[in-house]
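Please walk through the salt bridges, the overall fold and a few individual residues of the chain shown here.

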Amino acid sequence: MTLHKSTKVGDAIKLLSKEEELTNEQMSMDLNVSTSLVNQMRNDRRNMQQDIARESIAIYDNPRYTIEILHEFSDGFTVPMMDGKAIERHRLSLLAMLKKQFEEALDALKEVDFTKPPQAMEKHERELMVKAFDEILDARLSLENWLTQLQEDYGISIKKRMKAMTPRWKARGWLQ
């Protein structure tokens, strides 16, 4: 995966400003950039550079903002924020959706023979693999957005929990 050196992030800045009640002046002071640059990035007249994005994620523990920034800089590799008209951003609605997506992913995985080498798969088997992959991505999208809602509702920082969990994962041999 390649990260963009810069990208348009106007919607993410608007979301952060609204949720954190930040003015352009406050954001410019926090990020050590000019108020004019913040205004231009907010209005998508200038791209946000990677170093500013990194600094903003470090300063603002806002999961929606972070998801949007990472999604834009990763060229769609990371999940986007679910904000469509079919989405009810209540933790229980998102939990119901998450459960449904995980069930569909598990059902799709049952259809795939992972013991068969990839090069030996036939066309219909590959199609089942792609279907399972897509269902897993649906579940991933639902999970990330549900965690975001939990942070907002309960004040449990995803970033802080990830840092706290890292030693456990290392002890289990999951990470170097």
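Glu152 counts as partly exposed, at 31% relative accessibility; buried means under 20% relative accessible area, exposed over 50%, and partly exposed in between, with a 1.4 Å probe and protein chains only. The side chain of Glu152 meets that of Arg64 in a salt bridge, 2.5 Å from N to O. A salt bridge here is a side-chain nitrogen of Lys or Arg within 4 Å of a carboxyl oxygen of Asp or Glu. Arg64, at 15% relative accessibility, counts as buried. Glu152 and Arg64 also belong to a network of salt bridges that links them with Glu19.

The model is a predicted one, in which local features need pLDDT of at least 70 and side-chain atom pairs count only at pLDDT 80 or more, while totals for chains, interfaces and linings use all residues. Residues are numbered from 1 along each chain as its sequence is written, and side-chain values use heavy atoms, with hydrogens and water left out.

A search of the whole structure finds six salt bridges. Another of them joins the side chains of Asp153 and Arg91, at 3.1 Å from N to O. Here too the pair links distant parts of the chain: Asp153 is in helix H7 and Arg91 in helix H6, 62 residues apart. Asp153 is partly exposed, with a relative accessible area of 34%, and Arg91 is partly exposed as well, at 27%.

The salt bridge between the side chains of Asp107 and Lys110 spans 3.8 Å from N to O. Why are Asp107 and Lys110 separated by about one helical turn? They are three residues apart in helix H6. Asp107 is partly exposed, with a relative accessible area of 44%, whereas Lys110 is exposed, at 64%.

Now to the chain as a whole. Its secondary structure comes to eight helices and two strands; helices (H or I, at least four residues) and strands (E, at least two) are DSSP runs, numbered from the N terminus. In order from the N terminus, the elements run β-α-α-α-β-α-α-α-α-α. The C-alpha trace spans about 55 × 40 × 35 Å along its principal axes. Of the 176 residues, 34% count as buried. Among the contacts with a separation of 6 or more, 64% come from residues 24 or more positions apart, a contact being heavy atoms within 4.5 Å. The accessible surface is about 11500 Å², and carbon and sulfur atoms hold 54% of that; these areas come from the Shrake-Rupley method with a 1.4 Å probe, and for residues only the protein chains shown count as cover.

Arg42 is found in helix H3, residues 35-42. The side chain of Arg42 makes a polar contact with the side chain of Ser17 at 2.9 Å and one with the side chain of Asn24 at 2.4 Å. A polar contact is a pair of N or O atoms within 3.5 Å; within protein, one must be able to donate a hydrogen and the other to accept it, and residues adjacent in sequence count only if both atoms are side-chain atoms. Leaving out residues up to four places away in sequence, Arg42 touches Gly10, Ile13, Lys14, Ser17, Leu22 and Asn24.

Some loop residues remain. Asp44, in the loop between H3 and strand S2 (48-49), has a positive phi of about 55 degrees although it is not a glycine. Asp44 is partly exposed, with a relative accessible area of 30%. Asp75 lies in the loop between helix H5 (63-73) and H6 and has a positive phi of about 60 degrees, again without being a glycine. At 58% relative accessibility, Asp75 counts as exposed. Thr115 has its place in the loop between helix H6 (91-110) and helix H7 (123-154). Thr115 is exposed, with a relative accessible area of 72%, and its side chain makes a polar contact with the side chain of Asp113 at 2.4 Å.
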